[in-house]
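Please read the sequence alongside the structure below, and keep both in view while working through this report.

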Amino acid sequence: MPRGRPAAGPGVSAREERGFRALMDLAHGFMASQVLFAGCALGVFDAAALGPVDAAALARSSGLSPRGTRLLLDACAGLGLLRRRRRRGAGPGRGPAYTNSALASAFLVSGSPLSQRSLLLYLAGTTYLCWARLADGVREGRSQYGRAVGVDTDDPFTAIYRSEAERLLFMRGLQETWSLCGGRVLAAFDLSPFRVICDLGGGSGALARQAARLYPGSEVTVFETPEVAAAARAHFPPPADEEGVGPRVRFLSGDFFRSPLPPADLYILARVLHDWADAACVALLGRVRGALRPGGAVLLVESVLSPGGAGPTRTLLLSLTMLLQARGRERTEAEYRGLAARAGFSRLRLRRPRGPYHAMMAARGGEAAGAGRGAESPVGRGAGSDVGDQE
Ligand SMILES: C[S@@+](CC[C@H](N)C(=O)[O-])C[C@H]1O[C@@H](n2cnc3c(N)ncnc32)[C@H](O)[C@@H]1O
């Protein structure tokens, strides 16, 4: 028997026991995810937001099996998503009452300001199916949409937007991130010197709206594919408390690899470069550089790997998602600096606000950056692009 701490069982050291537990936690991680996903999909947390939930009553009202519902609610409680309380007078047939934990109230209830429910439903559907093909993805080095959902294409967004329902869920899911992290990434650098801002591939416009609110002197355009721009106009109206901000955010549609880009003082590319291989990133950044006004800059928002690329783990997992669902990967600051330099940008600076997303600012090479705190306004004022539709 190895010397040191006593064995946890015959022939098993305490260290091996700990390792085994860690291994089992990893192996069962997908089950915990599925409990979370099923709770969201079946409306468990929305029901619990209205008052304590009884498994039998929830099963009846939602058309679920009583046995399955009870087991799911108990598993949710075990994972800290619900609180489980024994009711007075409990007897046979009278089960516990379940209420939302603080985590569930904040993030899992539809309509809560920080709700991540759409993101979770997207992960539960498409992303989970692609991840089930991880070994194939690693073997082949390409997206697994073909096997996972029957859409075999090398164009990630043809697969991502394979139906209007998928498009809307993807847009809703992505925008939920910004309710939590948007303000932080936009405040990481002082963007007030930039009058005309263009959010390239800006999805539903959630981040653009926050930029317009944070920098009231700016005019913000979202440049998106025609279908996403149309869906944004139809399904993502500005929230009522942003009266007055809406008109300063407009949508322009086109293909950012081919169409003329509207001139801007600042381009934001949030979670765009990670979708693409290096050559496409350099081509896109080159187009951005060409369309920038003098003194302009680009703001990249990504989950940046630590130097050397060994972490954080969640970013490494996101990188595999890019393998399975797109053409890119997550990168280190040095790698983003290299891509930006190849496209003619200089002096890329990284800021890491709290949270999973980081901000990098780079100026057009050979020019003074207008991006630093307290910098002079870099550009002429008031000349917005006159193409596209007003929102
Ligand atoms: C990963 S999403 C990021 C969305 C948004 N920036 C965010 O962070 O929530 C990438 C976005 O790029 C857009 N996109 C992809 N290819 C595009 C193209 N060729 N032209 C314009 N937009 C494109 C997609 O529609 C999608 O909204």
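## A buried threonine

In this predicted model, Thr315 counts as buried because its relative accessibility is 4%, and the cut-off for a buried residue is under 20%. Thr315 belongs to helix H15, which covers residues 313–325.

## What surrounds Thr315

Once the neighbours within four places in sequence are set aside, Thr315 is in contact with Ser303, Val304, Leu305 and Glu330. With one of these residues, Ser303, there is also a polar contact, in which the side chains of Thr315 and Ser303 are joined at a distance of 2.8 Å.

## The residues around the ligand

The model also holds a ligand, and 18 residues lie around it, of which Tyr161, Gly201, Glu224, Phe256 and Ala270 come nearest. Sorted by class, this shell consists of 9 nonpolar, 5 polar and 4 charged residues.

## Polar atoms facing the ligand

Which polar atoms of Tyr161 and Trp178 lie by an oxygen atom of the ligand? For Tyr161, a polar side-chain atom is found 2.6 Å from an oxygen atom of the ligand, and for Trp178, a polar side-chain atom is found 3.0 Å from an oxygen atom of the ligand. Gly201 takes part through its backbone, where a polar atom is 2.7 Å from a nitrogen atom of the ligand. On its own, the ligand has 590 Å² of accessible area, and the protein covers 93% of that area.

Technical notes
Residues numbered from 1 in each chain as written. Predicted model: local features only at pLDDT ≥ 70, side-chain atom pairs only at ≥ 80, totals over all residues. Heavy atoms only, no water. Near = heavy atom within 4 Å. Polar contact = N/O pair within 3.5 Å; in protein donor to acceptor, adjacent residues only side chain to side chain. Areas by Shrake-Rupley, 256 points an atom, 1.4 Å probe, with all protein chains shown as cover. Nonpolar A, V, L, I, M, F, W, Y, C, P; charged D, E, K, R; others polar. Helix = DSSP H or I, 4+ residues; strand = E, 2+ residues; numbered from the N terminus. Buried < 20%, exposed > 50% of the residue type's maximum accessible area, 1.4 Å probe, protein only. Contact = heavy atoms within 4.5 Å.
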